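User: Hi! I have a structure open and would like to talk it through with you. Could you take a look with me?

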Amino acid sequence: MIIRKSQSELDKMRASGVLVASVLSKLAEMATEGVTTLDLEVAAEKMIRDAGAKPAFKGYFVQAAGAKYQFVLCTSINEEIVHGMPSARRKLKSGDIISIDTGVQLNGYYGDSAVTVPVGKVSSDVEKLLRVTQESLELAIEKARPGNRLFDICGTVEDHVTGNGFSVVREFVGHGIGTQLHEEPQIPNYVDRKNENPRLKEGMVLAIEPMVNAGGPESRVLPDRWTAVSRDGSFSAHFEHCVAITQDGPWVLTRV
Ligand code: MF3
Ligand code: CO
């Protein structure tokens with residue numbers, strides 16, 4: 001069942017979304033050469049707690065890992081797709097790209113968003129990977145309207161990514177969001193005909209999150225049981241927004 005939210009619930013989700021957006025914009029500025037991913041973690045946790053919110057990921061049980069995640073952020077560098085863990089030993093260098101993914105819980109409602117940013121100078125191929133992945137999210141957001149169907153979102157991401165010569169990661173998906181970080185429906189970044197294709201209705205809130213490899217679509221998880229990487233070592237990009245479906249069109253809760 002896809003839970004639909006009232007206007008007052010959406011207003012609360014907007015507050016969570018604004019906080020996530022402000023955290024990510026600060027971290028994106030911080031992500032320069034010599035900064036460690038633990039520096040980003042510490043700054044994020046302070047901002048979230050100072051706002052009276054709770055980090056959504058820290059202590060969150062993930063079935064696939066069989067454990068609770070221990071950090072406020074996922075910091076996934078270069079060939080890492082998602083769930084990279086902050087570390088004092090991981091220093092950013094020029095040419096890296098870093099996906100910074102975070103979530104908060106505020107007044108009982110979750111917000112969740114991710115950006116991938118370049119560190120220093122990156123190649124034009126990598127710039128294209130970032131651009132196409134972000135475009136695929138923006139195009140998908142445009143489909144988040146009453147009367148459309150879930151596959152309109154999934155297929156829009158898939159077509160834009162594959163049309164530009166990149167690959168959609170299949171093992172990780174977007175999700176509904178509300179009083180739980182992960183609610184129905186699952187939102188693959190491709191049309192999965194084994195899944196249902198529900199009609200989108202006012203009040204639904206979707207966390208749409210394309211994960212795109214520059215090379216092949218295959219992924220694997222490192223022995224740390226969390227970090228997902230592209231199998232071929234190609235760079236991977238990730239963007240995420242929470243979007244409410246309203247009569248007036250898509251409302252991007254995690255954008256200021
Ligand atoms: N943004 C991711 C998601 O939507 C991360 C949550 S998993 C966690 O699923 F382990 F980091 F908590
Ligand atoms: Co998410």
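**Metal site, ligand and backbone**

Analyst: Happy to! Along the sequence, the donor residues of the cobalt ion (ligand 2) follow the spacing D-x62-H-x33-E-x30-E. Keep in mind that this is a predicted model.

User: Which atoms coordinate the cobalt ion (ligand 2), and at what distances?

Analyst: The donors are OD of D112, NE2 of H175, OE of E209 and OE of E240, at 2.0 to 2.3 Å from the cobalt ion (ligand 2).

User: What about E209, buried or exposed?

Analyst: E209 is buried too, with a relative accessible area of 8%.

User: Let's switch to ligand 1. How many residues surround it, and which are the closest?

Analyst: There are 13 residues around ligand 1, and the closest are D101, D112, H175, H182 and E209.

User: How far are the side chains of D112, H175 and E209 from oxygen atoms of ligand 1?

Analyst: For D112, an N or O atom of the side chain is 2.9 Å from an oxygen atom of ligand 1. H175 has a polar side-chain atom 2.8 Å from an oxygen atom of ligand 1, and for E209 the corresponding distance is 3.0 Å.

User: How much of the accessible area of ligand 1 does the protein cover?

Analyst: The protein covers 95% of it, where ligand 1 on its own has 330 Å² of accessible area.

User: Which pocket does ligand 1 sit in?

Analyst: Ligand 1 is in the largest pocket.

User: Changing topic to the backbone. Which peptide bond is cis?

Analyst: The bond from E184 to P185 is cis, with omega near 0°. P185 is part of strand β10, residues 183–187.

User: Why bring that up?

Analyst: Because most peptide bonds are trans, and most residues other than glycine have a negative phi.

User: Then which residues have a positive phi although they are not glycine?

Analyst: N78 has a positive phi of about 55°, and R225 has one of about 75°. N78 is in the loop between β4 (73–77) and β5 (80–82), while R225 is in the loop between β13 (219–221) and β14 (228–230).

User: Is N78 buried or exposed?

Analyst: N78 counts as buried, since its relative accessibility is 8%.

User: I also clicked on G176. Where is it, and is it buried or exposed?

Analyst: G176 is in strand β9, residues 174–176, and counts as buried at 0% relative accessibility. From G176 to S8, 168 residues away along the chain, the C-alpha separation is 18 Å.

User: Last one: where does E158 lie?

Analyst: E158 is in helix α4, residues 150–163. With a relative accessible area of 22%, E158 is partly exposed. The C-alpha atoms of E158 and V169 are 9.8 Å apart in space, and these residues are eleven apart in sequence.

Note on methods: Residues are numbered from 1 along each chain as its sequence is written. Chains are lettered from A and ligands numbered from 1 in the order in which they are written. This is a predicted model: local features need pLDDT of at least 70, side-chain atom pairs count only at pLDDT 80 or more; totals for chains, interfaces and linings use all residues. Side-chain values use heavy atoms; hydrogens and water are left out. Donors are N, O and S atoms within 2.8 Å of the metal (3.2 Å for Na, K and Ca); water is not among the atoms, so sites may look incomplete. Buried means under 20% relative accessible area, exposed over 50%, partly exposed in between (1.4 Å probe, protein chains only). A residue is near a molecule or strand if one of its heavy atoms lies within 4 Å of it. A polar contact is a pair of N or O atoms within 3.5 Å; within protein, one must be able to donate a hydrogen and the other to accept it, and residues adjacent in sequence count only if both atoms are side-chain atoms. Accessible areas come from the Shrake-Rupley method with a 1.4 Å probe; for residues, only the protein chains shown count as cover. On a 1 Å grid over the protein atoms alone, a cavity is a set of points where a 1.4 Å probe fits but cannot get out, and a pocket is an open set with protein on both sides within 12 Å along at least five of seven lines; lining residues have an atom within 4 Å of a point. A molecule sits in a cavity or pocket if more than half of its atoms lie within 2 Å of its grid points. Helices (H or I, at least four residues) and strands (E, at least two) are DSSP runs, numbered from the N terminus.
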